[in-house]
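Take a first look at the fold before reading on. Start with the sheet, then turn to the helices around it.

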Amino acid sequence: MLELLSEHACFGGVQRFYRHDAQAIGLPMRFSVFIPASTRDQAGKSPALFYLAGLTCTEETFMIKGGAQRVAAEEGLILISPDTSPRGANIAGETDGWDFGAGAGFYVDATEAPWSAHYRMYSYILELRALLEQELNLDPQRTGIFGHSMGGHGALVLALRNPGLFRSVSAFAPITAPSQCPWGKKAFTGYLGGDASTWRQYDASALMAAMQGQAAPFPDGILIDQGLADKFLPDQLFPNVFEAACRDAGQPLTLRRHAGYDHGYYFISTFVEDHLRFHARNLRSGT
């Protein structure tokens, strides 16, 4: 059951914030939804786009900072943004660092105690998608996913592992090879254990590399935007690794590199319209 926490008029539609009891997490979770007027007024199923936020963010961050609602209203896209981790799990050390624990669920299903009891963000995103397909009448054939940084990693992984569930995918400055970067190594070791072979299921570059010889999972392409003034680019993000994996697998990829742009929401808000138009085209082509 969804508990409506707040509701705000926005570009003719409505911006809502919800809480519900998440089975995958075993705790209450929050998420936000923007519903355009065009989808509120029609009885048919609606196209939707999930946005996964990055480290330290919440369900509010994208809706407040991203500037996406205007274009979503024009395109008739429902926008959904969940929180980035469980809250209130009361695990020792959960809030000690900004890049692990609360606010840093990394969109994996933890297998290591004590994290495995609640830190199951991969399964939670799939649970939320299924729940909202019923509650908001989402069109299962017209659902896309995108995200930023840690959330870009999550979007790519969820899309690559579930191409039938997510019809379109894009990312802003994603962590594309987490098995090779400090953020990913810390998170994967803590959540998944020291056996690096188990990490590959949550590594977009490794997943793409394993698809060589198969049909491209996203024939309409994948869109990634990366700022060249991003301080995390050299050591954490590795878009070139994902670019090479896509090339070898025959997966169409548009990787745009932007001089002067950093890792934050000034960057995201500059190019978010391009991403929403990209998804709208792809989701229309899937009808």
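What follows is a walk from the sheet to the helices and then to the core.

This is a predicted model, in which local features need pLDDT of at least 70 and side-chain atom pairs count only at pLDDT 80 or more, while totals for chains, interfaces and linings use all residues. Residues are numbered from 1 along each chain as its sequence is written, and side-chain values use heavy atoms, with hydrogens and water left out.

Begin with the sheet. Helices (H or I, at least four residues) and strands (E, at least two) are DSSP runs, numbered from the N terminus. Strands of a sheet pair through backbone hydrogen bonds, either parallel or antiparallel. Here, two strands count as paired if DSSP finds at least two bridges between them. Nine strands make an open sheet with mixed pairing, in the order E1-E2-E3-E5-E4-E6-E7-E8-E9. Strand E1 (3-10) and strand E9 (253-258) stand at the edges with a single partner strand each, so one side of each has no neighbour in the sheet. On average, neighbouring strands are turned by 20 degrees against each other, direction ignored.

Strand E8 (residues 222-227) and E9 run parallel, joined by six bridges. Gln226 has Arg257 in E9 as its bridge partner.

Axes are lines fitted to C-alpha atoms, for helices over the stretch in contact (heavy atoms within 4.5 Å). Angles run from 0 to 180 degrees between N-to-C directions. Helix H9 (residues 239-249) lies across E8 and E9, at about 155 degrees to E9. H5 lies across E4, E6, strand E7 (168-172) and E8, at about 145 degrees to E6.

Helix H10 covers residues 265-285. Its 21 residues reach 29 Å from first C-alpha to last, close to the 30 Å expected. That expected span is 1.5 Å times one less than the number of residues. H10 also has a kink of about 45 degrees, centred on Phe271. The bend is the angle between axes fitted to the seven residues ending at a residue and the seven starting there.

Which residues of the largest nonpolar core touch the most other members? They are Ile80, Phe106, Tyr124, Tyr191 and Leu276, out of 97 residues. H10 gives the largest share of this core, eight residues. Such a core is a set of buried (under 20% relative accessible area, 1.4 Å probe, protein chains only) Ala, Val, Leu, Ile, Met, Phe, Trp, Tyr and Cys residues joined through side-chain atoms within 4.5 Å.

Notes:
Buried means under 20% relative accessible area, exposed over 50%, partly exposed in between (1.4 Å probe, protein chains only).
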